[in-house]
Amino acid sequence: QVQLVESGGGLVQTGSSLRLSCGASGRTFSTKAMGWYRQVPGKEREFVAVISLSGNGAYYGNSVKGRFTISRDSAENTVYLQMNSLKPEDTAVYYCAADGTVATFVSLPHDIEHWGKGTLVTVSS
C-alpha cells in the first residue's frame with residue numbers, strides 16, 4: 001500500500017552533483033526508515049544510504065561515504081539523496097526503499113518491504 005516514486009536521475013559528468021528525490025504515499029512514511037540502493041546489470045544490489053524514521057540517524061555504504069548525503073522531509077513525505085563528486089562507478093539504477101528498521105537496510109536488503117521503480121544515474125568521464 002506504500003508507493004515510492006523516484007526522480008532526479010540523469011546524465012552528468014565526473015565531479016558533478018545530482019540530487020535524487022523519492023516521494024512516498026500516505027502516513028506510512030512517518031513510520032518507516034527510508035533509504036537508497038543502486039544496481040548495475042550483472043551485479044548484486046548495493047546499499048547506498050538509509051535514514052531513520054525520525055531523521056536523526058543515518059548510515060552510508062563505504063563507497064559513498066563523504067560524498068553522498070541522505071535527508072528526509074516528513075511534512076512532504078519525501079527522502080532525498082544529495083550526490084556530490086560523482087564518479088563513473090556511481091553509474092547505476094538507484095532505487096528508493098522503505099522498511100520498519102534501519103538494520104534491515106544494512107544487513108537484510110531482501111527483506112525490505114517496499115521499493116520504488118528506480119531512476120537511472122549515468123556519470124560520464
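Rings of Phe, Tyr and Trp (for Trp, the six-membered ring) are taken to pair if their centres lie within 6.5 Å, planes under 30 degrees apart counting as stacked, over 60 as edge-to-face and the rest as tilted. The model shown is predicted, so local features need pLDDT of at least 70 and side-chain atom pairs count only at pLDDT 80 or more, while totals for chains, interfaces and linings use all residues. Residues are numbered from 1 along each chain as its sequence is written, and side-chain values use heavy atoms, with hydrogens and water left out.

**View 1. Aromatic cluster of Tyr37, Phe47, Phe105 and Trp115.**
The structure holds 3 aromatic pairs. The rings of Tyr37 and Phe105 have centres 6.2 Å apart and planes at 20°, so this pair is stacked. Because Tyr37 lies in strand β4 and Phe105 in helix α1 (residues 102–107), the pair ties together parts that are 68 residues apart in sequence; helices (H or I, at least four residues) and strands (E, at least two) are DSSP runs, numbered from the N terminus. Both Tyr37 and Phe105 are buried, where buried means under 20% relative accessible area, exposed over 50% and partly exposed in between (1.4 Å probe, protein chains only). The charged end of Arg45 sits over the ring of Trp115, 4.2 Å from its centre, the criterion being that NZ of Lys or CZ of Arg is within 6 Å of the ring centre and within 35 degrees of the ring normal.

**View 2. Strand β4 with its partners β5 and β9.**
Of the 7 residues of β4, 6 are buried, so this strand is largely enclosed by the rest of the structure. Strands β4 and β9 run antiparallel and are joined by 7 bridges, with Gly35 having Ala97 of β9 as its bridge partner; two strands pair if DSSP finds at least two bridges between them. Strands β4 and β5 also run antiparallel, joined by 5 bridges, and here the bridge partner of Tyr37 is Phe47. The hairpin of β4 and β5 has 6 residues between the strands, and within this hairpin Gly42 takes a positive phi near 85°.

**View 3. Arg38 and its polar contact with Asp90.**
Arg38 lies in strand β4 and is buried, with a relative accessible area of 5%. The side chain of Arg38 makes a polar contact with that of Asp90 at 2.9 Å; such a contact is a pair of N or O atoms within 3.5 Å, of which, within protein, one must be able to donate a hydrogen and the other to accept it, and residues adjacent in sequence count only if both atoms are side-chain atoms.

**View 4. The disulfide between Cys22 and Cys96.**
A disulfide is called for a pair of cysteine sulfur atoms within 2.5 Å, and by this rule the count comes to 1. The bond joins Cys22 to Cys96 with an S to S distance of 2.0 Å, and the torsion about it is about -85°, so the disulfide is left-handed. Since Cys22 lies in strand β3 (residues 18–24) and Cys96 in strand β9 (residues 92–99), the pair ties together parts that are 74 residues apart in sequence. Cys22 is buried at 0% relative accessibility, and Cys96 is buried with a relative accessible area of 0%.

**View 5. The largest nonpolar core, with 25 residues.**
A nonpolar core is a set of buried Ala, Val, Leu, Ile, Met, Phe, Trp, Tyr and Cys residues joined through side-chain atoms within 4.5 Å. In the largest one, the residues with the most contacts inside the core are Met34, Trp36, Leu81, Met83 and Tyr94. A second, separate core of 8 residues includes Tyr37, Val50, Ala97 and Ile112.
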